[in-house]
Amino acid sequence: MRIWAVFLAVVFLLTGCSSDSETKVADLDYTVVADQEIPQELASVIEEKRSGDFRLTYSTSEALYLVCGYGAQETGGYSIQVKELYLTENTLVLDTELIGPDTTEEGESERSEPVIVIKTALREEPVVFR
């Protein structure tokens, strides 16, 4: 019985500490960047990585770019949804989700490599991708 009490206390302390750093402080404004508006250097990096699953950040003197690539998909029709972009006490959190093709319509037979590029105000906090 005593071991369980110690175990529960440790679990409580560990989860309590981690949730404080994940508390949302503020939602952040962002723009989804069109392909032709992506800085050339960033576009080159994306092109090298797009066949695999990847996350990266890129900054200019004016903006921070957050990039999520979900790797090669068997068909077309995929999209990426931004669920949230927010600031915690110590980090920036970007939560995205890969949305599959509509199953009621006939999808494209060609493989695709979905990538989304988000632009937000320049910040110094580390980024957490979800």
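**Figure 1. Burial and overall make-up of the predicted protein chain.** Of the 130 residues in the protein chain, 29% are buried (under 20% relative accessible area, with exposed meaning over 50% and partly exposed in between; 1.4 Å probe, protein chains only). This is a predicted model, in which local features need pLDDT of at least 70 and side-chain atom pairs count only at pLDDT 80 or more, while totals for chains, interfaces and linings use all residues. Residues are numbered from 1 along each chain as its sequence is written, and side-chain values use heavy atoms, with hydrogens and water left out. The protein chain has two helices and eight strands, in the sequence pattern α-β-β-α-β-β-β-β-β-β (DSSP runs numbered from the N terminus: helices are H or I of at least four residues, strands E of at least two). Among contacts with a separation of 6 or more, 69% are between residues 24 or more positions apart (contact: heavy atoms within 4.5 Å).

Figure 2. Strands β5 (residues 79-87) and β6 (residues 92-99) pair in the antiparallel sense over eight bridges (pairing requires at least two DSSP bridges between two strands). Four residues lie between β5 and β6 in this hairpin. Ile80 has Leu98 of β6 as its bridge partner. β6 also pairs with strand β8 (residues 127-129), in the parallel sense and over three bridges. Here Leu92 has Val127 of β8 as its bridge partner.

Figure 3. β2 is joined by two bridges to the antiparallel strand β7 (residues 115-121), and Thr31 has Lys119 of β7 as its bridge partner.

**Figure 4. The largest pocket.** Its volume is about 210 Å³ (the space filled by probe spheres set on grid points, which are joined across faces, edges and corners). A pocket is an open set of points on a 1 Å grid over the protein atoms alone, where a 1.4 Å probe fits, with protein on both sides within 12 Å along at least five of seven lines; lining residues have an atom within 4 Å of a point. α2 and β7 each supply at least two lining residues. The lining includes Ala43, Ile46, Glu47, Val115, Ile116 and Val117.
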